[in-house]
Amino acid sequence: MSEKKIDIILNSAEELMCSVTQPNKEITVDMIAKNAGIGKGSIYYYFKSKDEIVDAVIERSYSAAIREYFNDIRNCSNTFEKIKTLFRAILKEEFWDKSKNIIITLHLHDDIVIHYKLMMTAIKTVSPLLTALLAEGQSEGSIHTESPKESAEMIVAMLTFLLNSKFFPSDKESALRKMKLYAHVLETCFETPKGSFDFLFTPPEK
């Protein structure tokens with residue numbers, strides 16, 4: 001399997017997905033092939049359908065974020081730094097400039113199928129990592145939760161839901177207020193000190 005050819009296909013699809021409002025309806029395999037400068041048959045050699053391509057784009061984005069997390073976690077000295085690193089890997093600096101992050105950009109689309117795919121991929125890829133961190137925090141006494149796995153799934157699902165502009169259309173100020181409330185909910189649920197989750201709405205240092 002040619003990884004380079006797959007990347008060309010996914011890069012083409014990602015570029016198109018960022019330029020339309022309903023990727024699942026507006027984009028075709030023909031469009032992806034033309035934008036990539038390759039034959040349609042080449043795409044079907046690697047992917048059975050457009051849906052598989054869309055899934056692969058989303059999964060690749062989350063996989064890249066997870067790799068970044070594992071690269072950066074070595075510099076973390078405590079559980080909260082690890083949790084912060086995990087969230088930053090997903091939201092990143094580009095949370096404040098949505099045009100630079102495919103995950104955040106897709107949340108702006110008016111496409112319920114894409115939103116569902118984003119949520120399910122996030123739960124599948126991010127929740128296991130967050131589960132381990134919550135269990136670690138529970139063990140050391142910095143976080144209080146009797147159900148790390150269920151808590152992690154709810155946290156990730158809630159975050160992806162809040163970022164979903166189809167359900168919560170908002171401007172940047174409104175989005176910031178929601179993230180502040182989200183951070184407050186996490187502090188309350190986990191009985192952590194005030195400000196523990198402020199990193200969720202604080203732009204990263206340059």
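## Confidence of the model

The chain of this predicted model has an average pLDDT of 84, and 84% of its residues score at least 70. Confidence is highest in helix α3 (residues 29-36), at a mean of 94, and lowest in helix α7 (residues 102-107), at 65. Over residues 93-100 the pLDDT stays under 50, and for this stretch the model has 18 contacts beyond four places in sequence. Where pLDDT is low, the predicted coordinates should not be read in detail.

## Helix α10 and its packing

Helix α10 covers residues 172-190, and because 19 residues at 1.5 Å a residue should span 27 Å, the 27 Å between its end C-alpha atoms agrees with expectation. The residues buried in α10 are S174, A175, K178, M179, Y182, A183, L186, E187 and F190, and these buried residues pack against α6 (79-91), α8 (112-140) and α9 (148-162). An α-helix has 3.6 residues a turn, so residues three or four places apart point the same way. Just after α10, E191 takes a positive phi of about 55°.

## Aromatic pairs

Six aromatic pairs are found in a search of the whole structure. In one of them, the rings of Y45 and Y46 have their planes at 90° and their centres 4.9 Å apart, so this pair is edge-to-face. Y45 is exposed, with a relative accessible area of 65%, whereas Y46 is buried, with a relative accessible area of 18%.

F190 and F197 form a tilted aromatic pair, with 6.4 Å from centre to centre and 40° between the planes, and both F190 and F197 are buried. These two residues belong to one aromatic cluster together with F80, F87 and F199.

Conventions:
Residues are numbered from 1 along each chain as its sequence is written. This is a predicted model: local features need pLDDT of at least 70, side-chain atom pairs count only at pLDDT 80 or more; totals for chains, interfaces and linings use all residues. Side-chain values use heavy atoms; hydrogens and water are left out. Helices (H or I, at least four residues) and strands (E, at least two) are DSSP runs, numbered from the N terminus. The expected span of a helix is 1.5 Å times one less than its number of residues. Buried means under 20% relative accessible area, exposed over 50%, partly exposed in between (1.4 Å probe, protein chains only). Contact means heavy atoms within 4.5 Å. pLDDT is the predictor's confidence in each residue, from 0 to 100. Rings of Phe, Tyr and Trp (its six-membered ring) pair if their centres lie within 6.5 Å; planes under 30 degrees apart count as stacked, over 60 as edge-to-face and the rest as tilted.
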